[in-house]
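Please walk through this structure with me.

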Amino acid sequence: MKQAGFPLGILLLFWVSYVTDFSLVLLIKGGALSGTDTYQSLVNKTFGFPGYILLSVLQFLYPFIVDPENMFIGRHFIIGLSTVTFTLPLSLYRNIAKLGKVSLISTGLTTLILGIVMARAISLGPHIPKTEDAWVFAKPNAIQAVGVMSFAFICHHNSFLVYSSLEEPTVAKWSRLIHMSIVISVFICIFFATCGYLTFTGFTQGDLFENYCRNDDLVTFGRFCYGVTVILTYPMECFVTREVIANVLFGGNLSSVFHIVVTVMVITVATLVSLLIDCLGIVLELNGVLCATPLIFIIPSACYLKLSEEPRTHSDKIMSYVMLPIGAAVMVFGFVMAITNPQDCTHGQEMFYCFPDNFSLTNTSESHIQQTTQLSIVNISILQ
(Lines give C-alpha, C1' and ligand atoms only; values in the text may rest on other atoms or scores of the structure.)
Protein backbone atom coordinates (compact mmCIF):
# COMPACT_ATOMS: atom_id res chain seq x y z
CA MET A 1 0.00 0.00 0.00
CA LYS A 2 2.84 2.38 0.84
CA GLN A 3 4.60 1.69 -2.47
CA ALA A 4 1.63 1.45 -4.81
CA GLY A 5 -0.79 3.96 -3.31
CA PHE A 6 -3.75 2.77 -1.23
CA PRO A 7 -6.49 2.56 -3.93
CA LEU A 8 -4.16 1.11 -6.57
CA GLY A 9 -2.70 -1.27 -3.99
CA ILE A 10 -6.15 -2.76 -3.30
CA LEU A 11 -6.77 -3.23 -7.04
CA LEU A 12 -3.32 -4.80 -7.54
CA LEU A 13 -3.93 -7.25 -4.69
CA PHE A 14 -7.10 -8.49 -6.37
CA TRP A 15 -5.32 -8.66 -9.73
CA VAL A 16 -2.31 -10.60 -8.42
CA SER A 17 -4.62 -13.00 -6.58
CA TYR A 18 -6.59 -13.60 -9.81
CA VAL A 19 -3.39 -14.22 -11.78
CA THR A 20 -2.18 -16.60 -9.06
CA ASP A 21 -5.46 -18.52 -9.15
CA PHE A 22 -5.31 -18.77 -12.94
CA SER A 23 -1.66 -19.81 -13.10
CA LEU A 24 -2.04 -22.48 -10.38
CA VAL A 25 -4.84 -24.14 -12.35
CA LEU A 26 -2.82 -23.66 -15.55
CA LEU A 27 0.14 -25.39 -13.96
CA ILE A 28 -1.80 -28.58 -13.22
CA LYS A 29 -3.42 -28.44 -16.67
CA GLY A 30 0.06 -28.33 -18.14
CA GLY A 31 1.02 -31.35 -16.07
CA ALA A 32 -2.04 -33.22 -17.34
CA LEU A 33 -1.28 -32.28 -20.97
CA SER A 34 2.35 -33.39 -20.69
CA GLY A 35 1.72 -36.45 -18.51
CA THR A 36 4.07 -35.17 -15.79
CA ASP A 37 3.61 -35.00 -12.03
CA THR A 38 6.24 -32.48 -10.88
CA TYR A 39 6.97 -28.87 -11.77
CA GLN A 40 10.50 -29.83 -12.85
CA SER A 41 9.41 -32.67 -15.12
CA LEU A 42 6.77 -30.40 -16.70
CA VAL A 43 9.33 -27.74 -17.60
CA ASN A 44 11.87 -30.40 -18.65
CA LYS A 45 9.40 -31.95 -21.09
CA THR A 46 8.31 -28.56 -22.39
CA PHE A 47 11.60 -26.66 -22.69
CA GLY A 48 14.26 -29.32 -22.26
CA PHE A 49 17.29 -29.35 -20.00
CA PRO A 50 17.95 -25.54 -19.98
CA GLY A 51 14.41 -24.90 -18.73
CA TYR A 52 14.76 -27.68 -16.19
CA ILE A 53 17.94 -26.14 -14.77
CA LEU A 54 16.42 -22.63 -14.65
CA LEU A 55 13.35 -23.83 -12.78
CA SER A 56 15.46 -25.92 -10.41
CA VAL A 57 17.55 -22.87 -9.52
CA LEU A 58 14.42 -20.76 -8.86
CA GLN A 59 12.79 -23.46 -6.74
CA PHE A 60 16.02 -24.13 -4.88
CA LEU A 61 16.69 -20.47 -4.07
CA TYR A 62 13.18 -19.55 -2.94
CA PRO A 63 13.39 -20.92 0.64
CA PHE A 64 16.86 -19.46 1.15
CA ILE A 65 15.73 -15.89 0.52
CA VAL A 66 13.15 -16.09 3.31
CA ASP A 67 13.99 -14.54 6.67
CA PRO A 68 12.54 -16.74 9.46
CA GLU A 69 11.67 -14.94 12.72
CA ASN A 70 12.45 -11.27 12.91
CA MET A 71 12.89 -11.15 16.71
CA PHE A 72 15.12 -8.45 18.17
CA ILE A 73 15.75 -9.72 21.71
CA GLY A 74 17.99 -12.81 21.75
CA ARG A 75 17.21 -13.20 18.07
CA HIS A 76 20.12 -15.47 17.14
CA PHE A 77 19.54 -17.77 20.10
CA ILE A 78 15.80 -18.00 19.46
CA ILE A 79 16.27 -18.78 15.76
CA GLY A 80 18.88 -21.47 16.49
CA LEU A 81 16.84 -23.08 19.25
CA SER A 82 13.56 -23.09 17.32
CA THR A 83 15.28 -24.48 14.23
CA VAL A 84 16.80 -27.45 16.07
CA THR A 85 13.73 -28.09 18.22
CA PHE A 86 10.90 -27.65 15.73
CA THR A 87 11.83 -26.78 12.14
CA LEU A 88 14.33 -29.58 11.56
CA PRO A 89 12.18 -32.43 12.97
CA LEU A 90 9.15 -31.28 10.93
CA SER A 91 11.29 -30.98 7.79
CA LEU A 92 12.44 -34.60 8.10
CA TYR A 93 9.00 -35.93 7.12
CA ARG A 94 8.90 -37.62 3.72
CA ASN A 95 5.17 -37.13 3.08
CA ILE A 96 4.00 -33.54 2.80
CA ALA A 97 0.45 -34.59 3.74
CA LYS A 98 1.67 -35.09 7.32
CA LEU A 99 2.10 -31.31 7.57
CA GLY A 100 -1.64 -30.74 7.08
CA LYS A 101 -2.45 -30.34 10.79
CA VAL A 102 0.64 -28.21 11.30
CA SER A 103 -0.46 -25.92 8.47
CA LEU A 104 -3.92 -25.67 10.01
CA ILE A 105 -2.37 -24.44 13.27
CA SER A 106 -0.31 -21.91 11.30
CA THR A 107 -3.47 -20.65 9.57
CA GLY A 108 -5.21 -20.25 12.92
CA LEU A 109 -2.29 -18.23 14.29
CA THR A 110 -2.32 -16.05 11.18
CA THR A 111 -5.96 -15.24 11.87
CA LEU A 112 -5.05 -14.37 15.46
CA ILE A 113 -2.26 -12.05 14.29
CA LEU A 114 -4.72 -10.38 11.91
CA GLY A 115 -7.02 -9.72 14.86
CA ILE A 116 -4.15 -8.04 16.71
CA VAL A 117 -3.30 -5.83 13.72
CA MET A 118 -6.98 -4.86 13.34
CA ALA A 119 -7.25 -4.04 17.05
CA ARG A 120 -4.20 -1.79 16.89
CA ALA A 121 -5.56 -0.06 13.78
CA ILE A 122 -8.50 1.04 15.94
CA SER A 123 -6.60 1.89 19.13
CA LEU A 124 -3.28 3.16 17.75
CA GLY A 125 -4.15 4.43 14.27
CA PRO A 126 -5.82 7.71 15.33
CA HIS A 127 -2.70 8.71 17.28
CA ILE A 128 -0.20 8.26 14.41
CA PRO A 129 0.14 11.29 12.09
CA LYS A 130 -0.84 10.64 8.49
CA THR A 131 1.78 11.44 5.86
CA GLU A 132 1.08 14.04 3.22
CA ASP A 133 0.68 11.60 0.29
CA ALA A 134 -1.16 8.92 2.25
CA TRP A 135 -4.28 8.75 0.04
CA VAL A 136 -3.00 9.38 -3.49
CA PHE A 137 -4.38 6.88 -6.01
CA ALA A 138 -1.05 5.58 -7.35
CA LYS A 139 2.66 5.92 -6.67
CA PRO A 140 5.68 5.23 -8.93
CA ASN A 141 6.82 2.24 -6.84
CA ALA A 142 3.79 0.14 -7.78
CA ILE A 143 5.96 -2.44 -9.58
CA GLN A 144 7.83 -3.10 -6.34
CA ALA A 145 4.47 -3.63 -4.68
CA VAL A 146 3.57 -6.26 -7.29
CA GLY A 147 6.78 -8.11 -6.41
CA VAL A 148 5.85 -8.18 -2.71
CA MET A 149 2.31 -9.29 -3.55
CA SER A 150 3.69 -12.06 -5.76
CA PHE A 151 5.74 -13.26 -2.80
CA ALA A 152 2.60 -13.28 -0.66
CA PHE A 153 0.73 -15.55 -3.08
CA ILE A 154 3.51 -17.80 -4.39
CA CYS A 155 2.86 -21.50 -3.84
CA HIS A 156 3.57 -22.85 -7.32
CA HIS A 157 6.85 -24.44 -6.32
CA ASN A 158 5.07 -26.98 -4.09
CA SER A 159 1.81 -27.25 -6.06
CA PHE A 160 2.55 -30.69 -7.50
CA LEU A 161 3.54 -31.98 -4.07
CA VAL A 162 0.21 -30.83 -2.64
CA TYR A 163 -1.72 -32.00 -5.72
CA SER A 164 -0.27 -35.49 -5.48
CA SER A 165 -1.20 -35.66 -1.78
CA LEU A 166 -4.92 -35.22 -2.57
CA GLU A 167 -7.26 -38.19 -2.50
CA GLU A 168 -8.18 -38.92 -6.13
CA PRO A 169 -6.43 -35.82 -7.56
CA THR A 170 -8.13 -34.30 -10.61
CA VAL A 171 -7.87 -30.93 -12.35
CA ALA A 172 -11.48 -30.11 -11.39
CA LYS A 173 -10.89 -30.94 -7.72
CA TRP A 174 -7.64 -28.94 -7.74
CA SER A 175 -9.40 -25.96 -9.34
CA ARG A 176 -12.09 -25.90 -6.63
CA LEU A 177 -9.43 -26.12 -3.92
CA ILE A 178 -7.38 -23.30 -5.47
CA HIS A 179 -10.37 -21.00 -5.96
CA MET A 180 -11.36 -21.39 -2.30
CA SER A 181 -7.80 -20.98 -1.03
CA ILE A 182 -7.07 -17.87 -3.09
CA VAL A 183 -10.34 -16.18 -2.06
CA ILE A 184 -9.50 -16.73 1.63
CA SER A 185 -5.88 -15.63 1.09
CA VAL A 186 -6.68 -12.43 -0.77
CA PHE A 187 -9.07 -11.23 1.94
CA ILE A 188 -6.52 -12.00 4.66
CA CYS A 189 -3.90 -10.06 2.69
CA ILE A 190 -6.25 -7.13 2.12
CA PHE A 191 -7.19 -6.90 5.80
CA PHE A 192 -3.52 -7.08 6.83
CA ALA A 193 -2.42 -4.49 4.28
CA THR A 194 -5.35 -2.15 4.88
CA CYS A 195 -5.16 -2.20 8.68
CA GLY A 196 -1.38 -1.85 8.66
CA TYR A 197 -1.39 1.02 6.19
CA LEU A 198 -4.32 2.82 7.81
CA THR A 199 -2.39 2.73 11.09
CA PHE A 200 1.02 3.96 9.87
CA THR A 201 0.54 5.26 6.26
CA GLY A 202 3.88 6.56 4.95
CA PHE A 203 5.74 5.38 8.05
CA THR A 204 4.95 1.73 7.26
CA GLN A 205 8.05 -0.48 7.39
CA GLY A 206 8.86 -3.49 5.21
CA ASP A 207 8.21 -5.61 8.30
CA LEU A 208 4.98 -4.32 9.83
CA PHE A 209 5.99 -5.50 13.31
CA GLU A 210 8.85 -2.97 13.25
CA ASN A 211 6.23 -0.20 13.34
CA TYR A 212 4.90 -1.18 16.76
CA CYS A 213 6.54 -0.13 20.01
CA ARG A 214 8.48 -2.63 22.10
CA ASN A 215 6.39 -2.04 25.21
CA ASP A 216 3.19 -3.12 23.42
CA ASP A 217 2.52 -6.49 25.06
CA LEU A 218 -0.31 -7.43 22.69
CA VAL A 219 1.92 -6.91 19.64
CA THR A 220 4.77 -8.77 21.35
CA PHE A 221 2.41 -11.73 21.62
CA GLY A 222 1.65 -11.23 17.92
CA ARG A 223 5.39 -11.38 17.13
CA PHE A 224 5.59 -14.65 19.03
CA CYS A 225 2.66 -16.05 17.04
CA TYR A 226 4.31 -14.92 13.81
CA GLY A 227 7.52 -16.70 14.73
CA VAL A 228 5.53 -19.89 15.38
CA THR A 229 3.77 -19.63 12.00
CA VAL A 230 7.13 -19.39 10.24
CA ILE A 231 8.45 -22.38 12.18
CA LEU A 232 5.39 -24.41 11.17
CA THR A 233 5.30 -23.22 7.55
CA TYR A 234 8.97 -23.40 6.60
CA PRO A 235 9.14 -27.24 6.43
CA MET A 236 6.91 -27.10 3.33
CA GLU A 237 9.57 -24.97 1.64
CA CYS A 238 12.23 -27.45 2.71
CA PHE A 239 10.27 -30.22 0.96
CA VAL A 240 10.60 -28.34 -2.34
CA THR A 241 14.32 -27.64 -2.02
CA ARG A 242 15.02 -31.22 -1.01
CA GLU A 243 12.98 -32.50 -3.97
CA VAL A 244 15.00 -30.29 -6.33
CA ILE A 245 18.27 -31.70 -4.98
CA ALA A 246 16.92 -35.24 -5.20
CA ASN A 247 15.80 -34.80 -8.81
CA VAL A 248 18.94 -33.02 -10.02
CA LEU A 249 21.62 -35.01 -8.19
CA PHE A 250 20.07 -38.33 -7.14
CA GLY A 251 17.65 -39.24 -9.91
CA GLY A 252 14.61 -38.40 -7.79
CA ASN A 253 15.26 -40.80 -4.90
CA LEU A 254 17.05 -40.24 -1.61
CA SER A 255 18.11 -42.99 0.75
CA SER A 256 17.27 -42.57 4.44
CA VAL A 257 20.80 -41.37 5.19
CA PHE A 258 20.93 -38.84 2.33
CA HIS A 259 17.38 -37.71 3.19
CA ILE A 260 18.61 -36.68 6.64
CA VAL A 261 21.90 -35.24 5.38
CA VAL A 262 20.28 -33.11 2.67
CA THR A 263 17.56 -31.87 5.06
CA VAL A 264 20.13 -30.85 7.68
CA MET A 265 22.20 -29.04 5.05
CA VAL A 266 19.21 -27.12 3.67
CA ILE A 267 17.99 -26.09 7.13
CA THR A 268 21.51 -25.12 8.22
CA VAL A 269 22.16 -22.87 5.23
CA ALA A 270 18.72 -21.27 5.46
CA THR A 271 19.19 -20.62 9.17
CA LEU A 272 22.59 -19.00 8.57
CA VAL A 273 21.00 -16.69 6.01
CA SER A 274 18.25 -15.74 8.46
CA LEU A 275 20.80 -14.94 11.15
CA LEU A 276 22.56 -12.47 8.84
CA ILE A 277 19.42 -10.60 7.67
CA ASP A 278 17.13 -8.48 9.81
CA CYS A 279 15.32 -6.44 7.15
CA LEU A 280 12.27 -8.24 5.83
CA GLY A 281 11.24 -5.64 3.23
CA ILE A 282 14.15 -6.09 0.81
CA VAL A 283 13.86 -9.87 1.25
CA LEU A 284 10.21 -9.81 0.18
CA GLU A 285 10.95 -7.59 -2.81
CA LEU A 286 13.92 -9.53 -4.18
CA ASN A 287 12.25 -12.87 -3.57
CA GLY A 288 9.08 -11.60 -5.21
CA VAL A 289 10.62 -10.21 -8.39
CA LEU A 290 13.39 -12.79 -8.90
CA CYS A 291 11.66 -16.04 -7.86
CA ALA A 292 7.92 -15.57 -7.35
CA THR A 293 7.27 -13.56 -10.52
CA PRO A 294 8.71 -16.11 -12.99
CA LEU A 295 7.12 -18.99 -11.06
CA ILE A 296 3.68 -17.29 -11.17
CA PHE A 297 3.56 -15.23 -14.38
CA ILE A 298 6.10 -16.60 -16.82
CA ILE A 299 6.76 -20.34 -16.54
CA PRO A 300 3.16 -21.68 -16.20
CA SER A 301 2.04 -19.51 -19.13
CA ALA A 302 4.99 -20.50 -21.31
CA CYS A 303 4.45 -24.22 -20.61
CA TYR A 304 0.73 -24.05 -21.34
CA LEU A 305 1.20 -22.06 -24.57
CA LYS A 306 3.65 -24.65 -25.87
CA LEU A 307 1.66 -27.71 -24.80
CA SER A 308 -1.94 -26.67 -25.47
CA GLU A 309 -3.53 -27.33 -28.84
CA GLU A 310 -6.37 -24.89 -28.19
CA PRO A 311 -6.79 -22.03 -30.73
CA ARG A 312 -5.05 -18.75 -30.00
CA THR A 313 -8.40 -17.12 -29.30
CA HIS A 314 -9.05 -19.49 -26.37
CA SER A 315 -9.40 -17.57 -23.09
CA ASP A 316 -6.59 -19.50 -21.37
CA LYS A 317 -4.18 -18.69 -24.20
CA ILE A 318 -5.15 -15.04 -24.33
CA MET A 319 -4.55 -14.72 -20.60
CA SER A 320 -1.22 -16.53 -20.93
CA TYR A 321 -0.11 -14.17 -23.70
CA VAL A 322 -0.92 -11.24 -21.42
CA MET A 323 0.80 -12.70 -18.34
CA LEU A 324 4.14 -13.39 -20.06
CA PRO A 325 5.20 -9.81 -20.92
CA ILE A 326 3.75 -8.42 -17.71
CA GLY A 327 5.74 -10.94 -15.67
CA ALA A 328 8.93 -10.12 -17.57
CA ALA A 329 8.42 -6.38 -17.00
CA VAL A 330 7.74 -6.83 -13.28
CA MET A 331 10.83 -9.04 -12.95
CA VAL A 332 13.22 -6.62 -14.68
CA PHE A 333 11.92 -3.24 -13.48
CA GLY A 334 11.03 -4.57 -10.03
CA PHE A 335 14.59 -5.80 -9.50
CA VAL A 336 16.09 -2.48 -10.57
CA MET A 337 13.72 -0.51 -8.32
CA ALA A 338 14.28 -2.85 -5.36
CA ILE A 339 18.04 -2.23 -5.57
CA THR A 340 17.88 1.52 -6.22
CA ASN A 341 14.96 2.29 -3.91
CA PRO A 342 14.76 -0.32 -1.10
CA GLN A 343 12.05 -0.31 1.55
CA ASP A 344 12.64 1.40 4.88
CA CYS A 345 14.18 -0.68 7.65
CA THR A 346 14.71 0.43 11.25
CA HIS A 347 16.90 -2.58 12.18
CA GLY A 348 14.89 -2.97 15.37
CA GLN A 349 15.06 0.67 16.50
CA GLU A 350 11.97 2.27 17.98
CA MET A 351 9.84 4.54 15.79
CA PHE A 352 9.62 8.21 16.79
CA TYR A 353 6.02 7.98 18.00
CA CYS A 354 7.09 5.45 20.67
CA PHE A 355 8.60 8.37 22.63
CA PRO A 356 5.61 10.31 24.00
CA ASP A 357 7.80 13.04 25.54
CA ASN A 358 8.89 14.07 22.04
CA PHE A 359 5.56 13.75 20.28
CA SER A 360 2.35 15.77 20.43
CA LEU A 361 -0.77 13.99 19.24
CA THR A 362 -2.52 17.24 18.40
CA ASN A 363 0.10 18.59 15.99
CA THR A 364 0.53 16.59 12.79
CA SER A 365 2.16 19.18 10.54
CA GLU A 366 5.03 18.06 8.36
CA SER A 367 7.54 20.34 10.11
CA HIS A 368 6.54 18.97 13.50
CA ILE A 369 6.91 15.40 12.29
CA GLN A 370 10.40 16.12 10.97
CA GLN A 371 11.41 17.83 14.23
CA THR A 372 9.96 14.98 16.29
CA THR A 373 11.82 12.42 14.19
CA GLN A 374 15.11 14.25 14.73
CA LEU A 375 14.51 14.45 18.49
CA SER A 376 13.69 10.75 18.60
CA ILE A 377 16.87 9.87 16.71
CA VAL A 378 18.83 11.82 19.35
CA ASN A 379 16.89 10.01 22.06
CA ILE A 380 17.66 6.63 20.48
CA SER A 381 21.34 7.54 20.26
CA ILE A 382 21.37 8.43 23.97
CA LEU A 383 19.68 5.16 24.87
CA GLN A 384 22.25 3.22 22.84
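C195 counts as buried, because its relative accessibility is 11%. Buried here means under 20% relative accessible area, exposed means over 50%, and partly exposed lies in between (1.4 Å probe, protein chains only). This is a predicted model: local features need pLDDT of at least 70, side-chain atom pairs count only at pLDDT 80 or more, and totals for chains, interfaces and linings use all residues. Residues are numbered from 1 along each chain as its sequence is written, and side-chain values use heavy atoms, with hydrogens and water left out.

C195 is one of the buried residues of α7. Others on that list include W174, I178, I182, V186, I190 and F200. Helices (H or I, at least four residues) and strands (E, at least two) are DSSP runs, numbered from the N terminus. What covers the buried residues of α7? The cover includes α1 (6–34), α4 (100–123), α5 (142–153) and α6 (159–165). Contact means heavy atoms within 4.5 Å.

Now check the length of α7. Its 30 residues should span 44 Å at 1.5 Å a residue. The expected span is 1.5 Å times one less than the number of residues. The end C-alpha atoms of α7 are 42 Å apart, which agrees. After α7 comes T201, with a positive phi near 40°.

A disulfide is a covalent bond between the sulfur atoms of two cysteines. The rule applied here asks for a pair of cysteine sulfur atoms within 2.5 Å. By that rule the count is one disulfide. C213 is joined to C354, with S to S at 2.0 Å. The link of C213 and C354 is left-handed, with -95° about the S-S bond. C213 lies in the loop between α7 (171–200) and α8 (217–249), and C354 in the loop between α11 (315–340) and α12 (366–383), so the pair ties together parts 141 residues apart in sequence. C213 counts as buried, at 15% relative accessibility. C354 counts as buried, also at 15%.

V248, L249, F250, V257, F258, V261 and M265 make a nonpolar patch of about 650 Å². The elements giving two or more residues to the nonpolar patch are α8 and α9 (256–276). Helix α9 gives the most, with four residues. V257 lies in α9. Is V257 buried or exposed? V257 counts as exposed, because its relative accessibility is 58%.

Like charges are joined within 9 Å, nonpolar side chains (Val, Leu, Ile, Met, Phe, Trp, Tyr) within 5 Å. Accessible areas come from the Shrake-Rupley method with a 1.4 Å probe; for residues, only the protein chains shown count as cover.

How values were computed. Patch = residues over 30% accessible without salt bridge, like charges linked within 9 Å, V, L, I, M, F, W, Y side chains within 5 Å. Salt bridge = Lys/Arg side-chain N within 4 Å of Asp/Glu carboxyl O.
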